[in-house]
Amino acid sequence: MNTEDFLILECLDDIYLTLEKSLKKIQHVKSIHRVQLENWAESIRNHRRILEEISLPARFIVEQLMSSQLVAGQVALETGQINQGFSSIRGIKVEQFGIIKIKLGELEVTWRDGDYSYYLYPDKVELRAMDEKSGVKLSFSIAFSRQVVEKYQDLLIMPNIAYIHPQLEKWLKKVE
């Protein structure tokens, strides 16, 4: 974890503590506003898990999904017998124990980070179960940018990376 990550975690802690304090004040209030504050607290916990509980390759993917979601990017999904064309990213959540949930259109995809290896390409990722019995392919309408890829230098040494496309590898090594 780098200095920026620690700073982000510190800010998330500040927000979370403020929310918890506020929730204690209104714990007996029956209001949609209390429910919204509870949702915000859960969202803060979700963001902490992105930084603390999942592997670097999973974080790389989750942050690409978050970036795509902000600019109305879309993702196509292929898994087992299911093929879904490009659709909106409606939700991204990291739960305890490295469980990642992504809602694409009306479909939700879930995987446990520790159970998968990652294959990284410029505009898609493939997740393969360690037992090779299942897999998920996510194709992005917005490819990974060089600037983003270069922030993840340690991807080259991650044990759960099975493949990195030569273009991404070149950017990770900062080779011109």
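Which helices each supply at least two residues of the lining of the largest pocket? Keep that in mind as you go. This is a predicted model.

**Stop 1: the largest pocket**

Select α1 (3-25), α2 (32-52) and α3. Each of these supplies at least two residues of the lining of the largest pocket. The volume of this pocket is about 620 Å³. Its lining has 22 residues. Now pick Asp5, Leu51, Arg59, Glu63 and Tyr152, which are the closest to the centre. Colour α3 next: it gives the most to the lining, with six residues. Then colour the lining by class.

**Stop 2**

Move on to the second largest pocket, with a volume of about 220 Å³. Select Ser43, Asn46, Gly91, Ile92 and Lys93. Of the 16 lining residues, these are the closest to the centre. Show α2, α3, β2 (82-95) and β3 (99-104), the elements that give two or more residues to this lining. Here the largest share comes from α2, with six residues. By class, the lining has five nonpolar, six polar and five charged residues.

**Stop 3: a patch on the surface**

Turn to the surface and select Leu70, Val71 and Ile142. Together they form a nonpolar patch with about 320 Å² of accessible area. Zoom in on Val71. It sits in the loop between α3 (56-70) and β1 (74-79). Is Val71 buried or exposed? Val71 counts as exposed because its relative accessibility is 56%, and the cut-off for exposed is over 50%.

Notes:
Residues are numbered from 1 along each chain as its sequence is written. This is a predicted model: local features need pLDDT of at least 70, side-chain atom pairs count only at pLDDT 80 or more; totals for chains, interfaces and linings use all residues. Side-chain values use heavy atoms; hydrogens and water are left out. Patches are made of residues with over 30% relative accessible area and no salt bridge: like charges are joined within 9 Å, nonpolar side chains (Val, Leu, Ile, Met, Phe, Trp, Tyr) within 5 Å. Accessible areas come from the Shrake-Rupley method with a 1.4 Å probe; for residues, only the protein chains shown count as cover. A salt bridge is a side-chain nitrogen of Lys or Arg within 4 Å of a carboxyl oxygen of Asp or Glu. Helices (H or I, at least four residues) and strands (E, at least two) are DSSP runs, numbered from the N terminus. Buried means under 20% relative accessible area, exposed over 50%, partly exposed in between (1.4 Å probe, protein chains only). On a 1 Å grid over the protein atoms alone, a cavity is a set of points where a 1.4 Å probe fits but cannot get out, and a pocket is an open set with protein on both sides within 12 Å along at least five of seven lines; lining residues have an atom within 4 Å of a point. Grid points are joined across faces, edges and corners, and a volume is the space filled by probe spheres set on the points. Ala, Val, Leu, Ile, Met, Phe, Trp, Tyr, Cys and Pro count as nonpolar, Asp, Glu, Lys and Arg as charged, and the others, Gly among them, as polar.
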